[in-house]
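Please keep the sequence and the model open while you go through this note. Each point can be checked by eye.

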Amino acid sequence: MTVSPVASGVDEQQQPRRLQRSVLTFRDALGLGVVGLRGRRGRALLTSVGIAIGIAAIVAVIGISASSKANVLAVLDQLGTNYLTVTPGQSLAGDDTPQLPPDSVGRLSLLDHVQSVAATAHLDVIVRRSDQMPPTNTRGTVVLAAEPDLLTTLNGHLRSGHWLAAGPRSYPTVVIGATAARRQGVDLAAGDQLLWIGDQWFAVVGVLDAMPLAPELDNAALISTEVATQKFGYQGSPTTVYLRASPADMDGVRDVAAATADPTSPQEVDVTRPSDALEARAATDTAFTTLLLGLGGVALLVGGVGIANVMVISVLERRNEIGVRRALGATRRHIRTQFLVEALVQAALGGVAGVALGTAITVGYGLSMDWPIEVPFAGLAGGVLAALVVGGLAGLYPASRAARLEPAQAVRPI
Amino acid sequence: MTRPVLELVDVVRQYPGSPPVRALDRVNLTVLTGEWVAVIGPSGSGKSTLLNLMGALDQPTSGTVRIDGYDVAGLDDERLSALRGHSLGFVFQSFHLLASLTAWENVATALVYRGVPAAERRDRAAAAMTRVGLGHRIGHRPAQLSGGECQRVAIARALVGEPALVLADEPTGNLDTRTGEEIMGLFRELNGDGTTLVLITHDPAIAASAPRRVRIRDGRIVASELDGVTG
Ligand SMILES: Nc1ncnc2c1ncn2[C@@H]1O[C@H](COP(=O)(O)OP(=O)(O)OP(=O)(O)O)[C@@H](O)[C@H]1O
Ligand SMILES: [Mg+2]
């Protein structure tokens with residue numbers, strides 16, 4: 001624009017009074033955003049749906065995985081975290097497999113604060129549903145020699161039947177784990193059940209419940225150490241020692257367990273706390289969770305693009321409104337604010353709906369899984385915040401287009 | 001009544017293009033407080049261009065536009081907007097009411113950017129509606145009003161801020177003759193109450209209502225007539 005000499009010479013002192021600035025209060029801006037959507041309710045709702053789906057997916061994924069973790073922790077709480085598992089580790093020399101000495105159980109049980117100790121030993125025999133089956137068909141079941149205290153030490157439960165009775169028996173008995181029972185098709189309610197172990201029949205007297213802290217027992221057929229010694233030449237070297245200690249002294253017991261189990265080569269003994277592994281597994285986000293979160297993010301993005309798209313159209317349609325507002329004193333900044341607020345209000349609607357939907361999904365899924373329901377507040381707040389950020393970004397371009405319109409162009413009848 | 005509300009000095013407005021269109025060519029015009037001026041000219045003569053410049057909606061290519069004492073060339077967007085909001089009222093040919101707002105909300109919008117509190121906006125909007133004879137229609141939406149009523153709402157919106165100057169571009173263009181005359185009667189009344197008016201029209205009958213008439217053709221003022229008769 002060319003500025004004439006007259007124009008450049010004129011300034012403040014020639015002007016009769018100071019101009020008051022145009023204003024747009026926060027409340028009025030918010031009101032404009034809401035009123036702007038009032039005229040196109042259906043469109044605003046549809047536009048918000050994209051955001052709502054994205055936020056719902058994200059909130060549900062966060063809520064469900066939090067509930068799942070809460071469930072694991074609650075289960076652990078119930079099972080107890082005061083267990084240690086002692087197993088032979090790697091041989092330092094690397095030649096033969098290390099073994100725990102037969103007297104390790106006795107020594108471990110003498111430690112201070114240790115409440116109960118029991119061992120199992122892996123037996124090199126094959127179990128089958130019947131002698132007619134080929135020896136390869138073990139259905140994944142392994143045979144373990146179990147000490148009488150095993151069940152009480154692990155605080156385990158029998159689903160049906162009873163535990164291996166102490167003392168010599170006239171005929172051999174076996175107790176099997178939950179998974180093994182399912183795979184072998186053993187059901188005590190259906191009458192006497194037999195398994196072919198080594199080269200003779202065993203009577204199944206009990207079926208265990210699942211043992212989350214000793215999952216290796218779920219796949220096992222357990223026979224008593226006496227029977228193992230008599231029939232399969234068991235030498236007394238345990239492969240796993242289960243140890244229960246008082247919860248307050250776990251660290252102390254853990255520190256000395258290896259040296260107590262095998263004083264001559266403590267480096268070849270592994271001591272683990274099974275609850276740690278469960279906890280760690282619960283804490284890691286699975287690939288599936290990540291995938292769902294990613295999908296939620298994509299939905300959110302698409303929702304944002306939807307808002308931007310609808311707002312650009314809205315700016316074109318409302319050119320006259322923009323012109324009128326400019327004529328009534330609105331600055332470019334006020335116009336930009338108005339359209340930005342409109343985008344934010346739409347996104348916030350979607351965000352709130354999404355958070356509600358995501359919470360409902362979390363609660364519904366948690367109830368159906370019988371989990372403790374955990375809806376993380378940070379996740380909800382984050383959901384609304386994410387929606388607002390997306391809305392703000394989506395509104396930026398249409399809002400600045402609206403602000404850039406020249407007033408004289410904007411007031412021309414469409 | 002001698003203070004100039006509007007001064008145009010050697011105003012040129014040229015639209016870029018090939019060839020460029022010189023919509024206004026060295027226009028000189030002064031409007032004093034309390035005056036009622038009709039700008040009349042055929043289609044394409046530059047009337048709307050002139051109104052945009054008078055309303056600080058547009059800037060001249062050269063020359064000076066002074067509104068209520070302010071040279072628009074020296075003002076940034078903030079101040080131009082403030083000048084429009086505080087000193088000017090606009091009435092457009094196609095009303096330009098906001099469809100999602102009620103009549104009184106449309107009127108009150110003129111006070112939003114002046115920072116008038118919401119309660120006071122409502123009262124003043126209602127008063128302006130009464131002044132244009134629509135006190136019984138304040139809660140209606142534009143879609144529920146006739147064309148004449150819509151134009152009255154638009155006039156109330158232009159008046160509610162008590163501007164130094166009201167600019168109207170073909171305010172009766174979309175109305176039938178009778179309704180147009182009613183609207184002209186309303187303008188006459190408002191001018192009688194002291195409102196300064198510039199009214200743009202291509203209709204000589206409408207222009208005849210104004211005590212002062214400026215004729216424009218091809219972007220130039222070709223005649224300026226003043227009669228002593230009002231009404
Ligand atoms: N934005 C623009 N760009 C280019 N040329 C324009 C623009 N606006 C108006 N013109 C041209 O400027 C001239 C004056 O236009 P203007 O709209 O001011 O006329 P008018 O007197 O209001 O006409 P009408 O009575 O039809 O509304 C016309 O030739 C028009 O084509
Ligand atoms: Mg025109």
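1. **Basis.** This is a predicted model; local features need pLDDT of at least 70, side-chain atom pairs count only at pLDDT 80 or more, and totals for chains, interfaces and linings use all residues. Residues are numbered from 1 along each chain as its sequence is written, chains are lettered from A and ligands numbered from 1 in the order in which they are written, and side-chain values use heavy atoms, with hydrogens and water left out.

2. **Where the ligand sits.** Ligand 1 lies between chains A and B. It has 13 residues around it. The closest are Ser43(B), Gly44(B), Lys47(B), Ser48(B) and Thr49(B). Here a residue is near a molecule if one of its heavy atoms lies within 4 Å of it.

3. **Shell make-up.** Four residues of the shell around ligand 1 are nonpolar, seven are polar and two are charged. Ala, Val, Leu, Ile, Met, Phe, Trp, Tyr, Cys and Pro count as nonpolar, Asp, Glu, Lys and Arg as charged, and the others, Gly among them, as polar. The largest share of the shell, three residues, belongs to α1(B). Helices (H or I, at least four residues) and strands (E, at least two) are DSSP runs, numbered from the N terminus.

4. **Polar contacts.** Which chain A side chain has an N or O atom 3.1 Å from a nitrogen atom of ligand 1? That is Gln409(A). In chain B, a polar backbone atom of Gly44(B) is 2.8 Å from an oxygen atom of the ligand. For a backbone N or O atom of Ser45(B), the distance to a ligand oxygen is 3.3 Å. On its own, ligand 1 has 630 Å² of accessible area (Shrake-Rupley method, 1.4 Å probe). The protein covers 64% of that area.

5. **Largest pocket.** Ligand 1 takes up the space of the largest pocket. A pocket is an open set of points on a 1 Å grid over the protein atoms alone, with protein on both sides within 12 Å along at least five of seven lines; lining residues have an atom within 4 Å of a point. A molecule sits in a pocket if more than half of its atoms lie within 2 Å of its grid points. The volume is about 840 Å³; a volume is the space filled by probe spheres set on the points, which are joined across faces, edges and corners. The lining has 37 residues. Among those nearest the centre are Ala408(A), Arg412(A) and Asn52(B). Five lining residues come from α1(B), the largest share.

6. **Second largest pocket.** This one holds about 450 Å³. Its lining has 19 residues, with Asp28(A) and Arg121(B) among those nearest the centre. By class, nine are nonpolar, four polar and six charged.

7. **Cavities.** A cavity is a set of points where a 1.4 Å probe fits but cannot get out. The whole structure has four of 30 Å³ or more. β6(B) gives the most to its lining, with three residues.

8. **Backbone details.** Ser18(B) and Pro19(B) are joined by a cis peptide bond, with omega about -5°. Pro19(B) is in the loop between β1 and β2 of chain B. Arg139(A) is not a glycine, yet it has a positive phi of about 55°. Its place is the loop between β3 and β4 of chain A.

Notes: Polar contact = N/O pair within 3.5 Å; in protein donor to acceptor, adjacent residues only side chain to side chain.
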